[in-house]
Amino acid sequence: MGRPLFYEILEKPATSGIIGICCAIWFYIQKKNIGYSHVGLSYETAMEGHHWRIITSAFSHISVIHLVFNMSALWSLGAVEQLGHIGLGVPYYLHYTLVLVILSGVLVLGMYHLLIQKFKLEYFRRVTAVGYSCVVFGWMTILSVRQPSSKLDLFGFLSLPISFAPFESLIFTSIIVPQASFLGHLSGIIVGYAIAWGLIHGMNNFWAISMLGWVVLVFIFSLKKSNTYNFDFLEIESVTDPSLPSVRFLSSGNGRTLQMNALPTGDVEIV
């Protein structure tokens with residue numbers, strides 16, 4: 001018999017948490033009858049300022065088969081969390097998951113831009129991508145370089161050598177699921193190799209928290225700018241209070257002088 005699931009969850013806390021988040025989002029999407037156009041990432045929506053879709057598209061799944069495939073692969077790739085002795089481990093996993101989510105989304109948009117502007121392929125203007133596949137393919141690639149002896153287990157019965165898994169899975173999903181985002185998966189592989197080969201490096205807690213802070217800010221402001229969600233607390237209104245002193249410059253023959261009116265008489269409280 002294998003080990004109890006409880007112990008495996010404890011050994012893969014970050015992976016377990018991400019799987020829980022993706023599953024919870026899938027249940028919410030099904031309950032609210034949300035479609036690709038509501039959460040997916042496309043070139044057209046990105047140009048309209050919907051940059052928040054880089055995040056929502058990564059963690060959203062519409063099809064249950066898509067969810068099961070990605071989460072099954074992710075569970076197997078959670079072995080990264082247990083490889084602290086070769087420089088991986090939980091912090092590395094969390095830091096570079098954030099990098100994979102952001103950079104793979106940006107790279108997909110860059111590919112769309114090239115195909116649309118350079119090759120006039122207007123089809124890619126409205127192609128909408130959703131799913132955690134970019135990150136899954138990225139971790140497949142990183143593990144294939146850093147731990148080539150590993151295996152990738154899918155659905156509990158299909159086992160692939162990790163060294164060939166990125167491209168095997170790329171071809172497999174393109175055949176089995178024709179509507180799968182080839183460019184999305186490819187972007188994950190490219191960013192994965194950049195991380196594994198050290199082209200992208202130096203992530204630590206400071207940079208990860210800083211990056212996460214900027215991601216949250218861009219997420220909120222792009223939601224507001226695109227009128228997707230109204231954040232009233234972000235409104236800054238001008239205040240003209242006659243009880244406050246005003247400052248102005250007076251012109252004179254000798255130059256300019258500064259004048260400030262007096263505070264109104266009365267009781268003042270310092271709180």
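This is a predicted model: local features need pLDDT of at least 70, side-chain atom pairs count only at pLDDT 80 or more; totals for chains, interfaces and linings use all residues.
User: What is the overall make-up of the chain, and how many of its contacts join residues 24 or more positions apart?

Analyst: The secondary structure comes to 11 helices and 4 strands, and buried residues make up 41% of the 271 residues. Among contacts with a separation of 6 or more, 69% are between residues 24 or more positions apart.

User: How do you know that Cys22 and Cys23 are in no disulfide?

Analyst: A disulfide requires two cysteine sulfur atoms within 2.5 Å. The closest cysteine sulfur to that of Cys22 belongs to Cys23 and is 7.0 Å away, which is too far for a bond. Cys23 is likewise in no disulfide, its nearest cysteine sulfur being that of Cys22. By this rule the chain has a count of 0 disulfides.

User: Why are Cys22 and Cys23 given separate accessibility labels?

Analyst: Buried means under 20% relative accessible area, exposed means over 50%, and partly exposed covers what lies in between. Cys22, with a relative accessible area of 0%, is therefore buried, whereas Cys23, at 23%, is partly exposed.

User: What makes Ile18 count as buried, and which residues is it in contact with?

Analyst: Ile18 has a relative accessibility of 9%, and because the limit for buried is under 20%, it counts as buried. Ile18 lies in helix 2, which covers residues 13–32. Leaving aside neighbours within four places in sequence, Ile18 is in contact with Phe59, Leu74, Tyr93, Thr97 and Tyr132. The C-alpha atoms of Ile18 and Tyr132 are separated by 9.9 Å, although these residues are 114 residues apart along the chain.

User: Is His50, which lies in a loop, buried or exposed, and how do you know?

Analyst: His50 has 13% relative accessibility, and since this is under 20%, His50 counts as buried. Its loop runs between helix 4 (43–47) and helix 5 (53–59). Apart from neighbours within four places in sequence, His50 is in contact with Thr45, Ser226 and Thr228.

User: Which label does Ala79 receive, and why?

Analyst: Ala79 has a relative accessible area of 24%, which lies between the 20% and 50% limits, so Ala79 is partly exposed. Ala79 is found in the loop between helix 6 and helix 7, and its C-alpha atom is separated by 9.7 Å from that of Val90, 11 residues apart along the chain.

User: How does the reach of helix 8 compare with the span expected at 1.5 Å a residue?

Analyst: Helix 8, residues 133–146, reaches 20 Å from its first C-alpha to its last, which is close to the expected 20 Å.

User: What can be said about aromatic rings and about the position of Lys12?

Analyst: The count comes to 11 aromatic pairs, and Tyr92, Tyr93, Tyr96 and Trp139 form one aromatic cluster. Lys12 lies over the face of Trp75, at 4.3 Å from the ring centre, and the distance part of the criterion for such a placement is within 6 Å.

User: What makes Asn33 and Lys120 worth a remark on their phi angles?

Analyst: Most residues other than glycine have a negative phi. Asn33, however, has a positive phi of about 55° although it is not a glycine, and Lys120, also not a glycine, has a positive phi of about 60°. Asn33 sits in the loop between helix 2 and helix 3 (36–39), and Lys120 lies in the loop between helix 7 and helix 8. Because exposed means over 50%, Asn33 at 68% is exposed, and Lys120 at 59% is exposed by that limit.

User: Which residues does UniProt place in a "transmembrane region", and how much helix is in the stretches 12–29 and 123–142?

Analyst: The unreviewed UniProt entry places this feature at several stretches, among them 12–29 and 123–142. Over residues 12–29 the chain is 94% helix and 0% strand, with the end C-alpha atoms 26 Å apart. Over residues 123–142 the chain is 50% helix and 0% strand, with the end C-alpha atoms 31 Å apart.

How values were computed. Residues are numbered from 1 along each chain as its sequence is written. Side-chain values use heavy atoms; hydrogens and water are left out. Buried means under 20% relative accessible area, exposed over 50%, partly exposed in between (1.4 Å probe, protein chains only). UniProt positions are given in the numbering used here, feature names are shortened, and annotations may be inferred rather than shown by experiment. Helices (H or I, at least four residues) and strands (E, at least two) are DSSP runs, numbered from the N terminus. Rings of Phe, Tyr and Trp (its six-membered ring) pair if their centres lie within 6.5 Å; planes under 30 degrees apart count as stacked, over 60 as edge-to-face and the rest as tilted. A charge sits over a ring if NZ of Lys or CZ of Arg is within 6 Å of the ring centre and within 35 degrees of the ring normal. The expected span of a helix is 1.5 Å times one less than its number of residues. Contact means heavy atoms within 4.5 Å.
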